[in-house]
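Subject: Structure handover and notes

Hello,

I am passing a structure on to you, followed by notes on what was found in it. Please read the notes with the structure open.

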Amino acid sequence: MQDDDDDWMFPRRMHSPECVEREQLPKGSNLSIDPEFLRKRKLRKLALRQQPIMEDNPWWSYLDRRNASAFPTFPEKMWNLGDTARWVIERSVEAVDGLSIDEDKLVEILPDIHRALSDGEVSAFAITQNDPVPRELPAETWSVYELVIEERNGLIRVFPFISSSTEPEQHLLNVKVKREDVLQRWPVASSSPPVRQTTVGAENRCRQWLAAMMKAAPTQPIPKGTLREEARAKFPGLAKRGFDRAWDRAIREANALNWRASGRRT
């Protein structure tokens with residue numbers, strides 16, 4: 001499979017001592033281990049058997065700290081799918097800056113990330129083999145694509161794959177998502193998540209409301225300022241910036257370019 005991503009992660013459980021003899025991860029995880037990699041790893045562990053394993057200082061924490069020190073990712077405005085998954089699982093700066101991930105939990109949270117992309121709650125961008133310029137992907141993209149996990153040489157990554165495709169080819173490359181959207185959709189526990197989740201839901205409902213209106217009258221735009229006030233009354237918790245994002249996404253979703261002009265002076 002051809003890919004243009006640098007999004008590979010260390011699966012923690014795959015490399016843990018109790019997994020040395022295991023030849024396959026839990027059924028349905030889309031992960032498998034290269035037998036030759038397993039054999040070499042077992043030989044290395046036999047050679048190092050006398051060294052104690054520190055459960056409170058696992059091997060992957062060292063790699064995570066080294067990567068965080070050299071290449072901190074959390075401050076970046078755009079994250080890849082692996083960064084996003086590590087945040088959703090652990091909700092910590094250290095997790096995003098690291099390289100390792102709990103592959104069992106990754107399988108559990110991928111549907112949630114896919115839903116957020118499908119609902120337009122998280123904006124995604126990608127390039128293709130024929131277009132090297134990053135383009136924003138419409139939310140409808142994710143009705144065709146699913147998120148899958150690939151294992152290669154003991155590393156794993158997440159990438160979009162066409163659900164109905166019979167060819168092992170990746171069409172969307174170097175997928176990036178907005179960090180701001182991810183933090184808003186999956187806030188940390190101490191940040192009053194019910195309020196922020198309500199804000200995200202209000203923005204998504206507003207987008208759907210605007211898109212339906214635009215599709216019904218693509219050449220008869222209503223002034224943005226007028227609809228902003230109506231939307232903020234209709235969807236409690238919707239902020240001005242949230243409305244602006246919903247407005248832009250609705251225009252793209254409905255392909256209602258005439259509506260973009262109606263918002264320039266508001």
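The notes below go from the whole chain to its parts.

This is a predicted model, in which local features need pLDDT of at least 70 and side-chain atom pairs count only at pLDDT 80 or more, while totals for chains, interfaces and linings use all residues. Residues are numbered from 1 along each chain as its sequence is written, and side-chain values use heavy atoms, with hydrogens and water left out.

Overall

The protein chain has ten helices and eight strands. Helices (H or I, at least four residues) and strands (E, at least two) are DSSP runs, numbered from the N terminus. Of its 266 residues, 47% count as buried; buried means under 20% relative accessible area, exposed over 50%, and partly exposed in between, with a 1.4 Å probe and protein chains only. Among contacts in the chain with a separation of 6 or more, 67% are between residues 24 or more positions apart. Contact here means heavy atoms within 4.5 Å.

The sheet

An open sheet of four strands runs in the order β2-β8-β4-β5, with antiparallel pairing. Its edges are β2 (78-80) and β5, each with a single partner strand, so one side of each has no neighbour in the sheet. From one strand to the next the twist averages 30 degrees. Two strands count as paired if DSSP finds at least two bridges between them. In general, strands of a sheet pair through backbone hydrogen bonds, either parallel or antiparallel.

Strand β4 (residues 124-128) has four of its five residues buried, so the rest of the structure largely encloses it. On one side, four bridges join β4 to β5 (residues 131-137), and the two run antiparallel. They form a hairpin with two residues between them, and F125 stands opposite E136 in β5. Three bridges join β4 to β8 (residues 173-178), again in an antiparallel arrangement. In that pairing A124 stands opposite V177, and I127 stands opposite L173.

Helices α3 and α5

Helix α3 lies across β2 and β8, running at about 90 degrees to β2. Helix α3 (residues 81-90) also packs with helix α5 (residues 103-118), at an angle of about 105 degrees and with the axes 10 Å apart. Axes are lines fitted to C-alpha atoms, for helices over the stretch in contact, and angles run from 0 to 180 degrees between N-to-C directions. The two helices are therefore roughly perpendicular to each other, a term for angles of 65 to 115 degrees; angles under 35 count as roughly parallel, over 145 as roughly antiparallel and the rest as oblique.

In this contact T84, A85, V88 and I89 of α3 meet K105, L106, I109 and I113 of α5. By type, the residues of the contact are six nonpolar, one polar and one charged. Ala, Val, Leu, Ile, Met, Phe, Trp, Tyr, Cys and Pro count as nonpolar, Asp, Glu, Lys and Arg as charged, and the others, Gly among them, as polar.

W186

W186 sits in the loop between α6 (179-185) and α7 (193-216). W186 is buried, at a relative accessible area of 2%. Apart from neighbours within four places in sequence, W186 is in contact with T84, W87, V88, R91, D112, I113, A116 and V122. T84 is 102 residues from W186 in sequence, yet the two are 9.7 Å apart in space, C-alpha to C-alpha.

Helix α8

In α8 (residues 224-234), the residues K224, G225, L227, R228 and A231 are buried. Seen down the axis of α8, they fall within an arc of 160 degrees, so they line one face of the helix. The arc is that of the directions from the helix axis to the C-beta atoms. On the face turned away from this buried side, α8 carries the exposed residues E229 and A233.

Two loop residues

R91, in the loop between α3 and α4 (93-97), has a phi near 55 degrees, a positive value in a residue other than glycine. At 31% relative accessibility, R91 counts as partly exposed. N255 lies in the loop between α9 (240-254) and α10 (257-261). Its phi is likewise near 55 degrees, positive in a residue other than glycine, and at 57% relative accessibility N255 counts as exposed.

Regards
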